[in-house]
Amino acid sequence: MKRLLLLLSVLAALILTLGSCGNADDEPLDTDAQTQQIQNGTVTLNVYNWGEYISDGSFDSLNTNKAFEEYFYEKYGYKVTVNYTTYATNEDMYSKLKNSSVVYDIVIPSDYMIQKMIEEDMLLSFDVEKDIPNYTYIDSEFKNTYYDPNNAYSVPYTYCMMGVIYNTALVDEADVKDKSWGLLWNEKYKGNILQFNNPRDAFATAMYWKGLDVNSTENEDWDKALELLVEQKPILQGYVNDEIFNKMTSESAAIAPYFVGDFLIMAEEEENLAFYYPTEGVNYFVDAMCIPKNAAQPEIAKEYINFMLSEEAAIANAIYIGYASPNTLVSQNEEYIAVMNEYSYEGEDGETAYELLYNRKPSEVNAKYNALIGNDNASCYQSFNPDIQSRVNTLWENLKIADSTEPWIHVTCVVIVGSVIALAIYSTYIKKKRSRDYRLRDRAKKQRGCRI
Amino acid sequence: MNSIAAAPHVFWAILFIVLPLFIVVYYAFVDSSGNFSFENITALKDYAPIFGLSVELSVIATAVCLIIGYPLAYIMARAKPKNQKLFVMLLMLPMWTNLLIRTYSIMAILDDGGFLNTLLNTSFHIVGTKGAVIFGMVYDFLPYMVLPIYTCISKIDKHMWEAAQDLGCNTVTTLTKVILPLSMSGIISGVTMVLVPSISTFYISQKLGGGTFELIGDTIERQFVTGALNVGAAISLVMMILILISLTVMNRFGNGDEGGIIV
């Protein structure tokens, strides 16, 4: 037994020293591993992006990931494989990065999430201007943003503004003249209005309308917004997410708030749809490419980001995704403008899809709102602190609970439960009675001296 | 030998059933910074109306399933063996399509500008009502009601019918006095298999309810999506306990000894 223990401890010591050896010269070992990987052709770049958010080669488009692999091979002489995976929400991406040991080299979160991830030290800081040469082509509107004021973490990928979609055949011209969020509260269209099915966007529509701060930390502001939403609830057809596409194109609903890029796709299918940016202010999101702090290949990731900003790749992506591009190489490219103008959308005064997307910058649309709140980025969502987050969640539940029961449901339920209980009691009674009868009969027989 | 053969199953059960349960319990009793607290449980009173609505809607859906499902199962069990196979296949056929896709399709069909309204040139407002949600539950979960009852009835000895009739039962009394009590375990399995998924459903209510009201499944989903794991875990825990209690009560009805799949 003693010998065994000794053997074990020697073994343990050996493993420990070996382990520490490995740790001591981490650097060279890593490069060795890297050379090894290069020789084996197994260098992978793990890209984690939204679903349907990159040109993938379908419909004769350019497969930008493949193009990057080729470009990289030509430039550096070794093969990199892009391992491309997708997520559905910022929160999914965040929890995966936070709670699991999976390593990603590129992620593409939205503005408020970037802010949160920077605060939590999850992103790699680098000299964006120096490391990404193509960064010069990014529109200055999307540099020095509130979420990344020193351009040290993120490179914008796409952006998109929100607005109101309406069906010109079902909505009177006079009601949309003032281009207001108020259209969503117009009782004339009872049962034909849709609203966002997530607290942040739904509350924001009410808050822009009434000039409240969408990033407010005052309970009062949120209570006011809730009142407006409760008032709106009876005239709504529903709270929806992606069902909006079907509902608007099939004329099931007449009015809905949504993003302009998605509107253009809906307008392809239903020519009566029109769109405006409410004058009271709108939200817009920016999705930007970032490198997580624990990335395995930060240098290749920078190459990747730079490549995605290059003309051909950026245009292919912008056409595929359909959202606006912050890259001037895209937005000023004749070929791209021609493609955008193939959209069947035609707005007031012959406005084209391209003009709808690019003619008005977010800062211009939101000038009035930003001045009202007194902050240049007032219209953007900032990441909530936990208190406000749970407050908003609670208010959202209150909204969903408001007038949610109808008397007939209670009545039916009581009838069902009542009859089940009655049946149960009745059958128990019958059983008891029967067994008592049998018992009595048996006893009677016994008394008469019969065999049972 | 037996225990070696069972090892993978035990391992599976521990890893995917027992361990997750403990994680749920753990999260339900700590706050967001990991300290022990009862706050999540006391916060549940705010969700009482949602609980109530979920239970009510699923009770109604289960009752409708039973009313439609029992006669169907009876007819199936009494049909010729060849037709029985056909019936079972027809019943299972929709289940080859995923529940989410079926629900989404129902939404497209019943919507205000959907297939039905276009076809009939009408303007019924169905999607967004509670009736639509109940319909969705019945449509999606009916096979779970029919199949256990069908199995149960078809297992009843054919001589039972003959014996009942010999002893003077007509068709109706055969059914109520003999077949119904004998198929009670099937009914209880069916009720369980419809009631439990209906209470916790979230997709059906989101799509067919138009989002104007929330069921408890939606609430749990949203808690997890927005990162409020603790409250979500507390709601799930209470749900599990409530379901366990109601199953135990139901087991009593079924005389305990023919409890089928429950508890």
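Are Arg222(B) and Glu397(A) buried or exposed? Both are buried, where buried means under 20% relative accessible area, exposed means over 50%, and partly exposed lies in between (1.4 Å probe, protein chains only).

Before going on, note that this is a predicted model, in which local features need pLDDT of at least 70, side-chain atom pairs count only at pLDDT 80 or more, and totals for chains, interfaces and linings use all residues. Residues are numbered from 1 along each chain as its sequence is written, chains are lettered from A and ligands numbered from 1 in the order in which they are written, and side-chain values use heavy atoms, with hydrogens and water left out.

**Stop 1: a salt bridge between chains**

Keep Arg222(B) and Glu397(A) selected. Their side chains meet in a salt bridge, 2.9 Å from N to O. A salt bridge here is a side-chain nitrogen of Lys or Arg within 4 Å of a carboxyl oxygen of Asp or Glu. This pair crosses between chains: Arg222(B) sits in helix H12 (residues 216-225) of chain B, and Glu397(A) in helix H19 of chain A. Helices (H or I, at least four residues) and strands (E, at least two) are DSSP runs, numbered from the N terminus.

**Stop 2: the whole interface**

Show both chains. The contact (heavy atoms within 4.5 Å) takes 31 residues from chain A and 35 residues from chain B. The size of an interface is often given as the accessible area lost when the parts come together. Here the buried area is about 2,800 Å², and carbon and sulfur atoms give 57% of that area. Buried area is the accessible area (1.4 Å probe) that two parts lose on being put together, summed over both.

Next, select Lys207(B) and Asp242(A). They form a salt bridge, with their closest N and O atoms 3.7 Å apart. The rule finds 6 salt bridges across the interface of chain A and chain B. Between the two chains there are also 12 residue pairs in polar contact, both residues being at pLDDT 80 or more. A polar contact is a pair of N or O atoms within 3.5 Å; within protein, one must be able to donate a hydrogen and the other to accept it, and residues adjacent in sequence count only if both atoms are side-chain atoms.

Which elements give two or more residues to the side of chain A that touches chain B? They are strand E6 (236-240), helix H10 (244-249), helix H19 (386-401) and helix H20 (407-447) of chain A. Colour H20(A): the largest share of that side, 9 residues, comes from this helix.

**Stop 3: Lys302(A) and its partners**

Move to Asp131(A) and Lys302(A). They form a salt bridge, with the closest N and O atoms 3.2 Å apart. Asp131(A) lies in helix H6 (residues 128-131) of chain A and Lys302(A) in helix H12 (residues 298-309) of chain A, so the pair ties together parts that are 171 residues apart in sequence. Asp131(A) is partly exposed at 25%. Lys302(A) is buried at 11%.

Glu299(A) is exposed, with a relative accessible area of 54%.

**Stop 4: a buried asparagine**

Select Asn366(A). It lies in the loop between helix H17 (362-365) and helix H18 (367-373) of chain A. Its relative accessibility is 0%, so Asn366(A) counts as buried. Its side chain makes a polar contact with the side chain of Ser379(A), at 2.9 Å. Leaving out residues up to four places away in sequence, Asn366(A) touches Gly281(A), Val282(A), Tyr284(A) and Ser379(A).

**Stop 5: a methionine in chain B**

Go to Met76(B), in helix H3 (residues 48-78) of chain B. Met76(B) is buried at 1% relative accessibility. Among its contacts beyond four places in sequence are Phe87(B), Leu91(B) and Tyr150(B).

**Stop 6: positive phi**

Most residues other than glycine have a negative phi, and most peptide bonds are trans. Select Asn121(B): its phi is positive, near 55°. Asn121(B) lies in the loop between helix H6 (115-120) and helix H7 (130-155) of chain B. At 70% relative accessibility, Asn121(B) is exposed.
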